[in-house]
Every structure is written in C-alpha cells, then in structure tokens.
Amino acid sequence: MASENPLLKRAYALNGDQNQIRAVYANWAKTYEADTLIGMGYVAPAIAAETMAQEIGQNDVILDAGCGTGLVGKELRSLSDAVIDGIDLSPDMLDQARKKDVYRTLNKADLTASLDIGDARYDGVISVGVFTSGHVGPTAMNELIRVIKPGAPAIITVHEQVWHKDGYRDHLDQMEKDDLAKICTIRETPYHQNEGYHCKLCILQAA
Ligand SMILES: C[S@@+](CC[C@H](N)C(=O)[O-])C[C@H]1O[C@@H](n2cnc3c(N)ncnc32)[C@H](O)[C@@H]1O
C-alpha cells in the first residue's frame with residue numbers, strides 16, 4: 001500500500017542522495033514530531049525503545065543510529081538509565097535532538113559509510129525509521145553490528161515497503177552465515193498507525 005500522505009511521499013521518494021536527504025530533513029525538522037507522532041500515528045520509536053529497554057542492563061551505553069529529532073532517545077531514557085549517543089546525517093534534525101537533553105553526544109555521520117567508531121564500543125544499537133525507502137539499505141546493518149559488543153542487542157526497524165524489495169531477509173541470513181550476528185526475532189509491528197504502515201522489528205545479537 002502506497003501512502004498518499006504528501007510528507008511521506010516526499011521522504012520515500014528520496015533515492016539515497018545525501019544532499020537531497022539533508023534538504024528534505026532541513027525543511028521538516030521543526031515540524032517532524034507533530035507531523036509524525038500526531039499526524040501519522042508514528043509508534044515505531046516507542047515500540048523499539050521499549051524493546052531495547054527490556055534487553056539492556058544498568059547504565060548501558062547505546063547508539064541511536066539515525067536519531068533524527070531524538071524520539072527514540074526520549075523514549076529510551078524514560079524507560080531506562082541508558083547512556084545514549086546519537087548520530088544522523090542531518091544537522092537540522094540533530095539540532096532538534098540536542099534540545100531534548102537526553103543524549104550524551106550527538107554527531108553527524110553517514111550510516112552508508114564506515115562509521116568513525118571503534119569495534120565493539122556500544123552495549124547496544126537502535127535504529128528506527130532509517131531502513132526505509134530512499135534512505136539507508138541493508139548493508140548498513142553490518143556497521144551497526146560492528147560497533148556493538150559480542151552478545152549485545154541491535155534493534156532495527158525495516159519499513160514493510162523495502163523488506164522484500166531490498167532483500168533484507170537474505171541480507172540478515174547472510175550476516176548470520178558469516179557469523180556476524182544472530183537473528184533473535186523478526187516481529188511484524190505497527191509503524192505509522194494512521195497510514196496503515198507496518199515494519200519488521202528486527203532484534204539481532206552481535207556474534
Ligand atoms: C524518518 S527519520 C527517523 C528519525 C528517528 N530515528 C525517528 O524515528 O524519529 C530518518 C532519519 O534518517 C536520517 N538519515 C537518512 N539517511 C541517512 C544516512 N545515510 N546516514 C545517517 N542518517 C541518515 C535522516 O537524516 C533522518 O533523521
């Protein structure tokens with residue numbers, strides 16, 4: 001089902017071009033939360049954060065990859081005492097996240113490239129709303145797994161529109177074969193409730 005919502009149409013029409021991604025989110029940053037949470041019934045950040053909160057221990061240090069305005073960080077901090085670092089491509093989205101005062105650090109980063117983060121630095125990684133049309137593809141999951149400790153959880157949403165089209169299941173199976181990560185659960189979960197969209201909530205564990 002393709003959404004008729006013009007904001008989603010614009011976001012999903014992106015083709016991974018970073019200048020375009022930055023331009024769309026520069027334009028959207030200030031109204032993003034009202035548009036998504038209220039307008040679209042965007043429940044994925046709350047569901048993913050709740051899942052992460054159940055997986056982690058006290059004072060664990062978590063990376064929020066593609067943190068946007070900080071919806072995930074805010075939810076996760078309300079449910080745990082996690083220390084949270086955020087990274088995102090869009091400086092304007094990061095500016096909004098900074099106002100929440102729930103992140104230890106917020107930095108600009110491109111998830112489609114090698115991250116400037118050492119191996120096994122984090123106790124978990126969470127990424128919501130990023131593995132979707134025109135944003136980031138399945139290969140970026142490898143970097144997210146690289147930066148977490150062996151046995152640490154990765155909680156990642158994949159939009160239903162790209163799950164089959166972009167070969168996520170095959171990619172995850174290959175990661176498991178390559179002994180990079182274990183697939184714990186892949187759960188069908190509501191995403192934009194008012195738009196009728198679902199996602200796959202992938203719960204992985206670094207090998
Ligand atoms: C739909 S928003 C989701 C933001 C937040 N996680 C949430 O759930 O509200 C998608 C985010 O992905 C970011 N993004 C897109 N491509 C990216 C890339 N290559 N590297 C890092 N962030 C990227 C955008 O800047 C935007 O903030």
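1. Let me start in the sheet: S4 and strand S5 (residues 153-159) run parallel and are joined by four bridges. Strands and helices here are DSSP runs numbered from the N terminus (E, at least two residues, for strands; H or I, at least four, for helices), and two strands pair if DSSP finds at least two bridges between them. Ile126 has Ile155 as its bridge partner in S5.

2. A word on provenance before going on. This is a predicted model, where local features need pLDDT of at least 70, side-chain atom pairs count only at pLDDT 80 or more, and totals for chains, interfaces and linings use all residues. Residues are numbered from 1 along each chain as its sequence is written, and side-chain values use heavy atoms, with hydrogens and water left out.

3. Back to S4. Strand S1 (residues 61-65) also pairs with S4, in the parallel sense and over three bridges; there, Asp64 has Ile126 as its bridge partner. As for burial, eight of the eight residues of S4 are buried (under 20% relative accessible area; exposed is over 50%, partly exposed in between, with a 1.4 Å probe and protein chains only).

4. Now the helices. H2 buries Ile21, Val24, Tyr25 and Trp28. Looking down the axis of H2, these fall within an arc of 90 degrees, so they line one face of the helix; the arc is taken over the directions from the helix axis to the C-beta atoms. Asn19 and Asn27 are exposed on the other side of H2. The cover over the buried residues of H2 includes H1, H3 and H6, with contact meaning heavy atoms within 4.5 Å.

5. H6 (residues 91-98) has Met93, Leu94, Gln96 and Ala97 buried. Down the axis of H6 the buried residues fall within an arc of 155 degrees, so they too line one face of the helix. H2, H3, S2 and S3 are among what covers them.

6. Where does Tyr191 sit? In the loop between strand S6 (181-190) and strand S7 (198-206). Tyr191 is buried, with a relative accessible area of 2%. Leaving out residues up to four places away in sequence, the contacts of Tyr191 include Tyr12, Tyr42, Gly129, His159 and Cys199.

7. On a 1 Å grid over the protein atoms alone, a cavity is a set of points where a 1.4 Å probe fits but cannot get out; a pocket is an open set with protein on both sides within 12 Å along at least five of seven lines; lining residues have an atom within 4 Å of a point. Points are joined across faces, edges and corners, and a volume is the space filled by probe spheres set on them. There is one cavity of 30 Å³ or more, and the largest cavity holds about 480 Å³. Of its 35 lining residues, Tyr25, Gly66, Gly129, Val130 and His135 are the closest to its centre. H2 gives the most to that lining, with four residues.

8. The largest pocket holds about 160 Å³. Its lining includes Asp85, Thr105, Lys108, Asp116 and Tyr122. S3 gives the most, with three residues. The lining residues divide into five nonpolar, three polar and four charged (Ala, Val, Leu, Ile, Met, Phe, Trp, Tyr, Cys and Pro count as nonpolar, Asp, Glu, Lys and Arg as charged, and the others, Gly among them, as polar).
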